Amino acid sequence: GGREKLDEFFTQVNTMQSAFTQQVIDDKGELRQSSSGNVFLSRPGKFRWEYAAPDKHEIVADGKNVWVYDVELDQVTVKPMNKALSAAPVAMLLQKQPVDKQFSVQAMDADNSTLEWFRLTPKKQDSDFTTMDLGVGNNGVEEMILGDKFGQQTYIKFQGVRTNINIDNSRFSFTPPKGVDVVGTPS
Amino acid sequence: CAAQHQAAPKTDTVSGADAQANWKQRQADFARMSAWRLQGKVGVQFQDQSASFNMSWLQNGNDGYEMNIKNPLTGSIVAYLKGSPGEVTLQTNGKTYQDASAERLLQGQLGVSLPLDGMKYWVRGVPAPDSPVQKVKLDAQGRPEMLQQSGWVVAYNGWQDNDWKALPEKINLSRAPDTKVKVIAKDWQTRY
């Protein structure tokens with residue numbers, strides 16, 4: 001069932017690639033922004049989270065640092081991994097360890113969804129996200145809802161999830177393009 | 001973003017003399033602007049810190065303004081600033097702060113240094129009227145390529161369209177030794 005798939009996601013998945021859509025709903029239930037892009041994950045510790053719309057942003061964790069490239073502003077910000085855990089929603093999924101080791105897990109009753117939902121509360125509170133609800137279907141984790149301390153909800157839907165495929169390592173490295181401002185010092 | 005800026009200026013480029021005349025006319029015209037609204041993106045760099053946000057700035061002549069500062073990745077409102085002569089209110093993180101200076105509020109609460117008093121003019125491509133202009137370099141049409149005022153160097157790297165009254169699209173402000181502000185104007189509305 002869902003719980004086995006959830007465990008499998010946290011212990012068997014080495015790489016993941018998917019398109020995503022994101023909607024951010026504020027504490028009054030108002031849609032703040034819709035965006036979309038692609039995510040690449042390589043456990044442990046590496047991801048690329050690219051927003052294609054409304055603005056192009058590239059967020060790359062290369063295992064040591066997290067690079068945030070705002071294409072429109074020609075501005076790159078780099079921070080050590082431990083200082084950028086809220087850089088992208090996928091940052092909560094970086095470890096390949098049993099889910100219970102990282103989160104306390106609660107099954108949720110979500111009868112209006114075709115997925116099985118679980119609420120994960122991080123054991124170590126080191127990111128702005130306080131809760132992460134995962135919707136599990138036949139492809140594993142297909143939807144995600146992140147809650148933060150301001151009552152804001154970030155809804156992520158993954159489309160075309162592929163796991164344990166070969167992803168070129170260049171996806172997980174970042175070199176600032178020529179002429180772009182780089183702020184911060186990589187560790 | 002807004003209409004792409006044509007690389008080459010129109011054929012009837014004005015001669016030097018007209019550039020000066022246009023520059024004077026621009027300042028006179030813009031001084032009579034009763035209200036304007038800028039929507040765009042701002043990037044701030046200070047030493048090794050940086051921030052970027054979407055900004056909506058509504059300015060009502062000289063008396064009041066409202067500014068929404070949003071996280072570009074989530075669209076959530078990071079701060080709301082409301083200013084009237086002598087008093088500015090900042091709402092952020094569920095709290096409200098007041099001061100006479102918006103710059104002090106933004107620096108104190110958000111760690112962001114924005115020269116708003118000067119930007120009120122610079123973002124439109126005119127100098128602030130109340131302090132001397134150390135240097136200005138005009139393009140062929142009398143629009144500023146660069147102007148220097150109150151310690152800031154303001155460089156204009158793109159315009160909404162190709163005539164001498166155009167509003168800026170890309171502005172880079174810098175203040176020695178280590179502060180840089182980039183403004184990308186995506187939408188301008190003005191009223192006279």
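Which residues lie nearest the centre of the second largest pocket? I looked up the lining and found B:Glu103, B:Leu116, B:Asp117, B:Gly118 and B:Lys120 nearest the centre, among 32 lining residues.

I am working on a predicted model, where local features need pLDDT of at least 70, side-chain atom pairs count only at pLDDT 80 or more, and totals for chains, interfaces and linings use all residues. Residues are numbered from 1 along each chain as its sequence is written, chains are lettered from A in the order written, and side-chain values use heavy atoms, without hydrogens and water.

Pocket. I used a 1 Å grid over the protein atoms alone; a pocket is an open set of points where a 1.4 Å probe fits, with protein on both sides within 12 Å along at least five of seven lines, and lining residues have an atom within 4 Å of a point. I noted about 520 Å³ of space in this second largest pocket, a volume being the space filled by probe spheres set on the points. H3(B) gives the largest share of the lining, six residues.

Interface. I then turned to the chains. I found 24 residues of chain B in contact (heavy atoms within 4.5 Å) with 21 residues of chain A. The two chains bury about 1,800 Å² between them, 46% of it on carbon and sulfur atoms; this is accessible area (1.4 Å probe) lost on being put together, summed over both. B:Lys41, B:Leu73 and B:Lys182 supply 31% of the area that chain B buries against chain A.

Salt bridges. I counted eight between chain B and chain A, taking a side-chain nitrogen of Lys or Arg within 4 Å of a carboxyl oxygen of Asp or Glu. B:Lys41 forms one with A:Asp70, with the closest N and O atoms 2.9 Å apart.

Terms used
Helix = DSSP H or I, 4+ residues; strand = E, 2+ residues; numbered from the N terminus.
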